[in-house]
Amino acid sequence: MDERARVLRADGFSCQTLYAAGMSMGPALLGSGYVSGVALTIAAVFGRIAGREAASHVPLF
């Protein structure tokens with residue numbers, strides 16, 4: 001993942017329209033451990049970022 005919550009490919013480049021949020025972000029930030037309160041914060045923060053970024057691809061009428 002990058003700072004815009006985009007998923008990174010194996011070659012290191014980010015997918016332009018694929019975003020990560022919720023528990024898929026946990027291992028990227030926490031390593032192998034799991035702390036439920038921290039995971040909820042990660043889900044809220046990156047869910048907002050991913051949602052904002054995904055909405056930016058929707059055309060306005």
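**Reading a buried residue and its surroundings**

Tutor: A5 counts as buried, at 0% relative accessibility. Buried means under 20% relative accessible area, exposed over 50% and partly exposed in between, with a 1.4 Å probe and protein chains only. This is a predicted model, in which local features need pLDDT of at least 70, side-chain atom pairs count only at pLDDT 80 or more, and totals for chains, interfaces and linings use all residues. Residues are numbered from 1 along each chain as its sequence is written, and side-chain values use heavy atoms, with hydrogens and water left out.

Student: Where is A5 placed, and what does A5 touch?

Tutor: A5 is in the segment before β1; strands (E, at least two residues) and helices (H or I, at least four) are DSSP runs, numbered from the N terminus. Contact means heavy atoms within 4.5 Å. Not counting residues up to four places away in sequence, A5 touches L18, Y19, A20, F46, I49 and A50. Although A5 is not a glycine, its phi is positive, at about 65 degrees.

Student: Which residues form the largest nonpolar core?

Tutor: In soluble globular proteins, nonpolar side chains tend to be buried together. A nonpolar core is a set of buried Ala, Val, Leu, Ile, Met, Phe, Trp, Tyr and Cys residues joined through side-chain atoms within 4.5 Å. Here the largest such core has 6 residues: A5, Y19, I42, F46, I49 and A50. Helix α2 (residues 36-55) gives the most to this core, with 4 residues.

Student: With which side chain does the side chain of S14 make a polar contact?

Tutor: A polar contact is a pair of N or O atoms within 3.5 Å; within protein, one must be able to donate a hydrogen and the other to accept it, and residues adjacent in sequence count only if both atoms are side-chain atoms. The partner of the S14 side chain is the side chain of R6, at 3.5 Å. S14 is found in strand β2 (residues 14-19) and is buried, with a relative accessible area of 15%.
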